[in-house]
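Here are some notes for your first reading of this entry. Please keep the sequence and the 3D view open while you go through them.

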Amino acid sequence: MNRSLPRRSQEPVAWSLFGAGGMLLAFLGPALVAITLLVLPALPAGDGASVHAAILAALRHPLGGLLAFFALALTFFHTVHRLCHGLHDLHVPLSARLVGWLGYGTATLLSLLAAVWLLGL
Amino acid sequence: MRKPLLPRQDALWWWRHPAYRRYMLREATALPLFLYALCLLYGVRELGRGETAFNAWLAFMGSPLIIVLQALALLAVLWHAWTWFQLVPKILVIPTRNGSVPGQWLRLAHLLPAVLCWVLLPLLAWWALGHVVGGAA
Amino acid sequence: MSGSLTVRVQRYRPEEDDAPWWQSFEVPWSEDTSVLDALNHIKDVEDGSLSYRWSCRMAICGSCGLMVNDEPRLGCKTFLRHYADADEIVLRPLENLAVERDLVSDIDPMLAHIETVQPWLQREQADPQGTGEYLQTPGQMARYESFSHCINCGLCYAACPQFGRNPDFLGPAALTLAQRYNLDSRDEGRDSRMPFLNGEDGVWSCTFVGYCSDVCPKDVDPAAAINQGKVASNVNYAVNLFRLLRGGDDA
């Protein structure tokens, strides 16, 4: 049978990031939101300096910074992947290529900002 | 004679059946989580700009609109995690001698540690940060 | 248990109609009356022109798939007693496929996709005649067994919104069959199937809606097969990348 073979899709790259981000969000996401929504506001008021210093120290530490980077970057790639596919599902009349470039481009940019700002702490 | 009726999917296909609506809900969890991640990114920047900037970010996170966003993000991430762990056994096939590891075990093997994280990590943060605040006061 | 139920059927005769129309019938039912029985009753007693496919009436031939109240179901495996409390049930041909006549769909797209993935055992070299069967342990068979239960009924194609969106998507049955053969220890044909799985219209059009597995009458779980195929395609992508980086060809 002489049939031309379809071109290999680049989707595996996006899907791997989506999968890693999804796993990370499933384990750490609820804890993270609980911390910003419930824990931070509930801390005794009056000593902002030490809270700031403590979180700064945590994120300056190589492990803390690395975790924060992956938490942010993988979350951006995971959510963007779902949003791009969602636009396609909703019949939004934009080409898949354009949506892909816009979406993953945004995620890359946001991840770069995260890296720059974390390194600058 | 042949004159087939051609199929056409209309834009509201996902609204028309509970299975599709559940799928869309799962996918929609990405939106509040994306916005929440933007808030966290903003926080990282403000963290690096000093105590005043960071306190302003804390106030921003405490504003009514962002509280609503965070509440939505919490619901969204919990629904994401629940649906995610339902799907894990379908992809994670660990062959055993006479088949593969049962799906329920795989699900629990993910869900139990996850729930531990969800509960223990905020408690840890509460303890650590409260300790820091109490110690300096 | 027994009663009478209104059965509303979508009609379409290409030689006479420009658009489909509805026709209602009163159908008597008892404990074991299936939708297929209802259709046979209608054809025998009410309107002999009604067209539909059926054969085994025991959920193994895959012929009688249709939409029952907007759900893809086999007519022979769906019973009127479950709709006893309703005013009527609505029958129309399978979603996402062209309609030839009445409840008869054009399943050629599905059959073409199934053929594309080369759903047969492939060997580099066939063992010589007389050397016996290719042996396989129960454990090896268990790896792919549920994926081999597909009866090609097409309910999964009616369920899949990604196929509805893009008919070039290979779809649940084809991708499941590909995975079934790739997992079969006797098969050596994975390399010839991977290009079809790796394409945009292969596994990567699936977004794990999962409705295909919900409607499958043989519990094949095509959603699981396709998404395991994504893992395989992912590994294949990485292996190919290493090969490219070492100066090899793009496989």
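1. Does B:Trp13 count as buried or exposed? B:Trp13 counts as buried, because its relative accessibility is 8% and the cut-off for buried is under 20%. Bear in mind throughout that this is a predicted model.

2. The search of the whole structure gives 12 aromatic pairs over all chains. One of them joins B:Trp13 to B:Tyr20 in an edge-to-face arrangement, with 5.2 Å centre to centre and 75° between the planes. B:Tyr20 is buried as well, at a relative accessible area of 11%.

3. The charged end of C:Arg8 lies over the ring of C:Trp22, at 4.7 Å from the ring centre. For C:Arg180, the charged end is over the ring of C:Tyr181, and the distance to the centre is 3.9 Å.

4. Chain B contains 5 helices and 2 strands, in the order α-α-α-α-β-β-α from the N terminus. Its radius of gyration is 22 Å, well over the 14 Å from the globule rule for 137 residues, so chain B is more spread out than a compact globule. The box filled by its C-alpha atoms is roughly 85 × 45 × 25 Å along the principal axes.

5. Of the 137 residues in chain B, 38% are buried. The accessible surface of chain B is about 7800 Å², and carbon and sulfur atoms account for 72% of that area.

Methods:
Residues are numbered from 1 along each chain as its sequence is written. Chains are lettered from A and ligands numbered from 1 in the order in which they are written. This is a predicted model: local features need pLDDT of at least 70, side-chain atom pairs count only at pLDDT 80 or more; totals for chains, interfaces and linings use all residues. Side-chain values use heavy atoms; hydrogens and water are left out. Rings of Phe, Tyr and Trp (its six-membered ring) pair if their centres lie within 6.5 Å; planes under 30 degrees apart count as stacked, over 60 as edge-to-face and the rest as tilted. Buried means under 20% relative accessible area, exposed over 50%, partly exposed in between (1.4 Å probe, protein chains only). A charge sits over a ring if NZ of Lys or CZ of Arg is within 6 Å of the ring centre and within 35 degrees of the ring normal. Helices (H or I, at least four residues) and strands (E, at least two) are DSSP runs, numbered from the N terminus. The radius of gyration is taken over C-alpha atoms; the globule rule is 2.2 Å times the number of residues to the power 0.38. Accessible areas come from the Shrake-Rupley method with a 1.4 Å probe; for residues, only the protein chains shown count as cover.
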